[in-house]
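Colleague: I am new to this structure and would like to learn how to read it. Could you take me through some features in turn?

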Amino acid sequence: MLHLTFRQLSVFEAVARHLSYSRAAQEMHLTQPAVSMQIKQLEENVGMPLFEQLGKKIYLTEAGRELSHYSRVIAQQLSEAETVMNDLKGLQRGRLKISVASTANYFAPQLLAIFSQRFPTVTVSLDVTNRQALLAQLANNEMDMAIMGQPPEGLDLVAESFMENPLIVIAPVKHPLAAAKKIPLARLKSETFLVREQGSGTRIAMERFFKQHGVPFQAGMEMSSNEAIKQAVQAGLGLGILSLHTIGLELETKRLKVLDVKGFPIMRHWYVVHRKDKRLSTVAQAFKGFLLTEAKQILGH
Ligand code: PGA
């Protein structure tokens, strides 16, 4: 019979997920020695080492890997129990854990601000990451819901669109094509494009678009944020294809120009996405309803 405590198991689950004592400690608001102590006691209870350290990195041992399957399921069940308990208390004390694609960062905080004004006692946490990381989080059931572009096929997900997401071509204001009308896509063959990182939804949509139209494009520097691309375009390093939602300020202050290219905007949508079997808390349901009925109007898109 295994004599282990929930505490040990949840500390183990966090260390196994991060493969880092310090990150687990941070997440659990514990000190690193406290985390090491819990793991040491758990290893004594189990009678085998669960982690091994090679150089600076830690790895799960075979026993650790086996135990991590169970600890993950137990952690999910516990968090579900917590959700159900909070539900019984209604919208008064819930938590909302949202992850958004980096591009949605340009409007999600505004929506969360309004939502939290309505429900001031709800604790909201927002994680901003790219599409690929979002998919991993959905697969691991790490948040209530995600806001992302094109939801993936395969995973058992519910995805509902709540707003359009037009992608446009941006150029420096003095670009030779800045004033041109109805520029044919093929004319852009000779231009260099700054591109988002692999795994970005914007990048995938852009590549697909050029491919569908049989036009090759020249990829210049690769950058992992919309901000970096905007700066690089302003500096004259090339053109960019970004969501219209990222460039509100630059258009207002006339630092960037949207080129009038035939076939643009590439019309995508924003979706609110969660696992099909996810038990949405009252708070999460309220937030989803809020997105679907009010987001578009609030943001004026
Ligand atoms: P991203 O945007 O490029 O920041 O991943 C998400 C998306 O448009 O799908």
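**Domains and helix pairs**

Modeller: Nine residues of domain 2 touch 14 residues of domain 3. Keep in mind that this is a predicted model.

Colleague: Which residue ranges make up the domains?

Modeller: The domain assignment gives domain 1 as 6–89, domain 2 as 95–163 + 269–299, and domain 3 as 166–267. The centres of domain 2 and domain 3, taken over C-alpha atoms, are 26 Å apart.

Colleague: What area is buried between domain 2 and domain 3?

Modeller: The general idea comes first. An interface's size is often given as the accessible area lost when the parts come together. Here about 910 Å² is buried between domain 2 and domain 3, and carbon and sulfur atoms give 49% of that area. On the domain 2 side, Thr 103, Tyr 106 and Arg 131 lose the most area to domain 3, together 54% of what that side buries.

Colleague: Now the helices. At roughly what angle do H1 and H2 cross?

Modeller: Angles from 65 to 115 degrees count as roughly perpendicular, those under 35 as roughly parallel, those over 145 as roughly antiparallel, and the rest as oblique. The axes of H1 (residues 6–18) and H2 (residues 21–28) cross at roughly 125 degrees and come within 8 Å, so the two helices are oblique to each other. The crossing of H1 past H2 is right-handed. From H1, the contact takes in Arg 7, Ser 10, Val 11, Ala 14, Val 15, Arg 17 and His 18, and from H2 it takes in Tyr 21, Arg 23, Ala 24, Glu 27 and Met 28. By class, six of these residues are nonpolar, two polar and four charged.

Colleague: How is H2 oriented to H3?

Modeller: The axes of H2 and H3 (residues 32–46) come within 8 Å and cross at roughly 105 degrees, which makes H2 roughly perpendicular to H3. Tyr 21, Ser 22 and Ala 25 of H2 meet Gln 32, Val 35, Ser 36 and Ile 39 of H3. The contact of H2 with H3 has four nonpolar, three polar and no charged residues.

Colleague: Which residues of H5 and H10 meet?

Modeller: H5 (residues 108–118) and H10 (residues 282–299) have axes that come within 10 Å and cross at roughly 125 degrees. They are therefore oblique to each other, and H5 passes H10 in a right-handed crossing. Residues of H5 in the contact include Leu 111, Ile 114 and Phe 115, while those of H10 include Phe 287, Phe 290 and Leu 291. Twelve residues of this contact are nonpolar, one is polar and two are charged.

Conventions. Residues numbered from 1 in each chain as written. Predicted model: local features only at pLDDT ≥ 70, side-chain atom pairs only at ≥ 80, totals over all residues. Heavy atoms only, no water. Axes fitted to C-alpha atoms, helices over the stretch in contact; angles between N-to-C directions. Helix = DSSP H or I, 4+ residues; strand = E, 2+ residues; numbered from the N terminus. Left-handed = near helix turned anticlockwise from the far one by under 90°. Contact = heavy atoms within 4.5 Å. Nonpolar A, V, L, I, M, F, W, Y, C, P; charged D, E, K, R; others polar. Domains from an automatic or database assignment. Buried area = accessible area lost by both parts, 1.4 Å probe.
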